[in-house]
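Good morning, and thank you for making the time. Please keep the structure in view as I speak.

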Amino acid sequence: MNLAAVDLNLLVAFDALLSERSVSGAAARIGLSQPAMSKRLANLRRFFADDLFIRHAEGVRPTEKALDLADPIRAALRQIQDALGGFGHFSPERSERVFRIATTDHIAATLMPRLIPMLRSAAPTISIVLRSLHRQEIVDCLEKGSIDLAITILPDAPTTIKRASLFHVKWISIVSTEHPEIRDGLTLELFLKYPHLLVTHVGDLKGYIDRLLDDRGLKRTVAMSLPYALAVPAIIADTDMICTLSANVIRLADWPRVRSFRYPSITPAIRKPCSGTGRTTAIPVTPGSGGCLSA
């Protein structure tokens, strides 16, 4: 192939279309008008001899050829960005970039009220899109560039993902004020004796604490999982179940008819890390399971 015939701007347009799945969204992402993006899409189709992106009700859908091209084109763009280094200097006060962040509702409620005012002052024309992703999707989305950052728990991320610790999680276990046995304290024996409620958007019955227990040859019974923290107090108040959550979740609202205890420590405190590849970064938060950092 004659590289002199390749317009690198077309590859940037391809990457934007793949991420946005919308011609207008891709145009906004890289600062083009919609007609200009449509023209680049037409040029891409001629160059690759394929439709690449097919229109449908919600925007455009990539063809098999586009999906095959996705990883090598994105890898090439990352290498070019790395080679250019600081050539494309980021100017926060003028940037109109859209940053896509995967995180949990509890972290959003904890961090965003403090972060957004700072961003509005330092970078008033950027936009933030928060996404809720299954932990198994996060690495793939980071590597493909469909998210820029993940603030979550990612204990099994590959070495290609950059990480940095963000903060510690303090775990709190809550039970009903009418619990038949747990009144003055929560021992490991009682913790294992009674059923648990797990808050997770993953949709399973195993959280971070279950993996810690597995390492010690112990097991608890998770009787229910759900993705909604708001439902927890009413369920706990009328049952003998235990729910273990981040202390930050507990502080977000009043939790009537429940009492809280420090959960019986199974392992030393853990931090919340950060990770990414090239232009992407993920911040895995301290161990917890999906949704609201429930364990």
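**From a loop residue to the cores and sheets**

Let me begin with Asp51, which sits in the loop that joins H3 to strand E1 (53–56). Please bear in mind throughout that this is a predicted model. Asp51 is partly exposed, its relative accessible area being 46%. Which residues does Asp51 touch, leaving aside those up to four places away in sequence? They are Leu41, Arg45 and Thr63. A further spatial relation concerns Ala66: this residue is 15 residues from Asp51 in sequence, and the C-alpha to C-alpha distance between the two is 8.5 Å.

For the chain as a whole, there are 295 residues, of which 46% are buried. Its secondary structure amounts to ten helices and eleven strands. If we take the contacts with a separation of 6 or more, 71% are made by residues 24 or more positions apart.

I turn now to the helices. Helix H1 (residues 8–20) and helix H3 (residues 34–48) have axes that come within 10 Å of each other and cross at roughly 105°. An angle from 65 to 115 degrees counts as roughly perpendicular, and H1 and H3 are therefore roughly perpendicular to each other. On the H1 side, the contact is made by Asn9, Leu10, Leu11, Ala13, Phe14 and Leu17; on the H3 side, by Met37, Arg40, Leu41, Asn43, Leu44 and Phe48.

What covers them? After H2 comes Gly31, with a positive phi near 75°.

As general background, nonpolar side chains in soluble globular proteins tend to be buried together. Here, the largest nonpolar core has 22 residues, and Phe14, Leu17, Leu44, Leu52 and Phe53 are those with the most contacts inside it. At least two residues of this core come from each of H1, helix H2 (23–30), H3 and helix H4 (64–84). Which element supplies the largest share of this core? That is H1, with seven residues.

Trp171 leads us on to the strands. Strand E6 (residues 171–176) pairs with strand E9 (residues 242–246) in the antiparallel sense, over four bridges. Within E9, Ser246 is the bridge partner of Trp171. E9 also pairs with strand E7 (residues 196–199), in this case in the parallel sense and over two bridges. There, Cys243 of E9 is the bridge partner of Leu197. Is E9 mostly covered or mostly uncovered? E9 is mostly covered, five of its five residues being buried.

These strands belong to an open sheet of five, in the order E8-E7-E9-E6-E10, with mixed pairing. Strand E8 (222–226) and strand E10 (258–262) are the edge strands, each pairing on one side only. On average, and ignoring direction, neighbouring strands of this sheet are turned by 30° against each other.

I close with another pair of strands. Strand E3 (residues 98–103) and E5 pair in the parallel sense over three bridges, and Ala102 has Ala150 in E5 as its bridge partner. In a regular strand, side chains alternate between the two faces of the sheet. How do the residues of strand E5 (residues 149–152) point? Leu149 and Ile151 point one way, Ala150 and Thr152 point the other way, and all are buried.

Thank you; I am happy to take questions.

Conventions. Residues are numbered from 1 along each chain as its sequence is written. This is a predicted model: local features need pLDDT of at least 70, side-chain atom pairs count only at pLDDT 80 or more; totals for chains, interfaces and linings use all residues. Side-chain values use heavy atoms; hydrogens and water are left out. Buried means under 20% relative accessible area, exposed over 50%, partly exposed in between (1.4 Å probe, protein chains only). Two strands pair if DSSP finds at least two bridges between them. Axes are lines fitted to C-alpha atoms, for helices over the stretch in contact, and angles run from 0 to 180 degrees between N-to-C directions. Angles under 35 degrees count as roughly parallel, over 145 as roughly antiparallel, 65 to 115 as roughly perpendicular and the rest as oblique. Contact means heavy atoms within 4.5 Å. A nonpolar core is a set of buried Ala, Val, Leu, Ile, Met, Phe, Trp, Tyr and Cys residues joined through side-chain atoms within 4.5 Å.
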